[in-house]
Amino acid sequence: MLIVVLFHWKLTLTNQYTWLQAPDNAYQVLPWFQFQAAEWHSGRFPLWDPNGLLGQPLFGQGQPGSAYPPNWLLFLLPLWHGWVRQNALNWYFVLIRCGAALACYALARDLGRSRVASVLAGCVYALGGYVAYTDWPQNVNGAVWTPLVLLYLLRAERGERPWASALLSGFLLGFGWLAGHHQMNLFVSLAVAALWIWVAVRSGRVNWRIARLAACALTTAAAASAFVTIPMAEYGRLAVRWVGTPEPFHLGETVPYTLHQQYSLKPVESLGIFIPNIAQNYNPYIGVVALTIGILGALLAWRERQARWLTAIAAGGLFFSLGPNSILHGILYSLVPFVDKARVPSAGILVFSVGVAPLVAYGLDLLPRPESRVALRRAAWVLAAVSAIISTASLIFLETEIPLRTDDRLMIPAIAAALAGAVFGGWLTGGISVAAGSVCLTGLALFEMGNVTSYFLYNEAGGQPGPYLHRLAEHGDLIDYLRRQGQAFRIDYDQDLIPYNLGDWYGIDTLSAYVPSVVASVPTINRFAPRARDFLGIRYYLGSKPFTPGQVEVFTGRSGIKVFENTSAFPRVWSVHRVAESGAVSDPGFDARHDVVVADQPPPEIGLCRPGGDDVQMPLHLPNRIRITADLKCRGMVVLTDNWFPGWRAAVDGRRAQIYNVDGGVRGVVVEGGRHVIEMVYRPMSVILGGAMTLLAAIATALVWTGAFSFQRSAISDQLLKR
């Protein structure tokens, strides 16, 4: 942990740097975190995000990380004037890597490796490869648990408390899914399932004991992940996702293979394992020292089945990452459900990382042994040759001014290779002790990775504002003005001028949002048409000029962005007394202020009374709870222009009422004439059921692991199983 903390000195020992200077992190992830932290500090568990695109389920989206308990600790930390603290986010980033390093250290120790070698393995896993260079929390948090999944899987295979180990392996695999993104977790799950299958059939026939352990582990994984996977399944059926094509995709549609080709690891980028700045997507870089020791570890420990399996895992992850250049990826894309949805094959580098890191520990332990002298001598010569080749290439590029795909850090692997070769030579001659050589090689590996990991962190004290984060501090005066208006409304803004999720950042209801997916009804609304914008209650627009004719400028902020008011906008809630024919929403003559189209069939009966005279207000609009007061002249329907979505429940004067899907995807509740109070509460059964399954998986795993419950068999049943 000390190595990881000091390695990230830019984030832990100074206040000059940030890892958030990237568009997705600054514009999407940070506002997600800010909204959730504000909810936790308000005493509310964040389930629904009302601040963009008419409202979205947080758990269903997955990526906000709402179901991941370690994130809750971040959200509960003290805020600074209501904002998530920058130093808390920096330490959050570093502690993720600490957890990954400790997990891989534990795996290497469980494989019988020495402490020093296990420390190097932990550093290679956490400070190089996928974990080091993936800054999206929703993509990297699950990787913290991956080494432990392997640890307990291998224990179960060895017969060390097999049922408890299998349960814990499965639970940790499922727990990783709670972190957010499906992509990395899907790849890890495929690798784990493949390893279980191999372990069960490697003798040429099915080992039913292992098969039962595998079934137990994978069932536990499914239950442990349910807190997020069940809401994601519900959301996936009702949402569309942008995957890199002009039009969004539904869950049932296959993502074109051309997109996988775009986000795969190119064959030449495999050199990025030891040459800096080659890979463009997920970076496989661990350095020439770690790579050499890992290869030697695989060769020297080949007789150990665990080493062979780790080698297969590393090779499989690398081949899968090549996407269209790998038959393996194409077969899995064609045959395995949802692999087509994970459109970034290069993220398979995580599987390579978790396989190669323990092999580095094997290599560091086995290289100094007398029986390894031949391998050590050959490796020293190979490293010397690599150093000479890279140095010569660097000189040629320098003298001829040939454009480099990499940069001047090309000399780093040359230096490291030469020094590692010298350490190997010192071991051969006895001039360097085993302990000193191990420390030197660990230092060289850290030296190499330090020239890639966090190398491009943005320096906020450099005199120039960052290209992303500074924008989040420019529009507070606009929000202050809007909040002083004291009424329920929705706003929209120019996303070229305000590219981040303004709604989540400031906790205000907006139409626009920077998200990867959305409830499917939203794209069907022509939100650029004045008629639709009036219907959605967009009373204010933030931009440099009016969005539609007739908008009136009412305020100008310090940034130069102006606030324009749309006086024809509908209120957020109103009442109607006529049910129109299905499809009437697209009719230019449709009057949404007085008519309603109901998707649910048969539509409810509502009374036709004299226009006017109804009074509908919304005194409370919280993320998970809404209160509406309605005084109607006769039976009618109250319409709220928030997304209709399963999990929202309504009560009129305390009595359960149905929420209808109306006007193309918003909510409607039937109310009798007179004064009534309508309550809407978001209590999604998908989250409740999924949470219960995850909790049961945790309890079952804990009971078995602690010995409170164990699987016992009689001697007779053992004999029957053997037969």
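In what order do the three strands of the open sheet stand, and is the pairing parallel or antiparallel? The order is E5-E4-E8, and the pairing is antiparallel. Before I go on, please keep in mind that this is a predicted model, in which local features need pLDDT of at least 70 and side-chain atom pairs count only at pLDDT 80 or more, while totals for chains, interfaces and linings use all residues. Residues are numbered from 1 along each chain as its sequence is written, and side-chain values use heavy atoms, with hydrogens and water left out.

When I say helix or strand, I mean a DSSP run, of at least four residues for helices (H or I) and at least two for strands (E), numbered from the N terminus, and two strands pair if DSSP finds at least two bridges between them. In this sheet, strand E5 (249–250) and strand E8 (517–519) stand at the edges with a single partner strand each, so one side of each is left without a neighbour in the sheet. Strand E4 (residues 239–241) is joined to E5 by two bridges, and Arg241 has Phe249 in E5 as its bridge partner.

Let me turn to strand E12 (residues 573–576), where Val573 and Ser575 point one way while Trp574 and Val576 point the other way, all of them buried. Here buried means under 20% relative accessible area, exposed means over 50%, and partly exposed lies in between, with a 1.4 Å probe and protein chains only. In a regular strand the side chains alternate between the two faces of the sheet. E12 runs antiparallel to strand E17 (residues 636–643), with four bridges joining them, and Val576 stands opposite Met637 in E17.

Now the cysteines: a disulfide, taken as a pair of cysteine sulfur atoms within 2.5 Å, turns up once in a search of the whole structure. The pair is Cys609 and Cys634, with sulfur atoms 2.3 Å apart, and their link is left-handed, with -80 degrees about the S-S bond. Cys609 lies in the loop between strand E14 (595–596) and strand E15 (615–621), and Cys634 in the loop between strand E16 (625–632) and E17, so the pair ties together parts that are 25 residues apart in sequence. Cys634 counts as buried because its relative accessibility is 16%.
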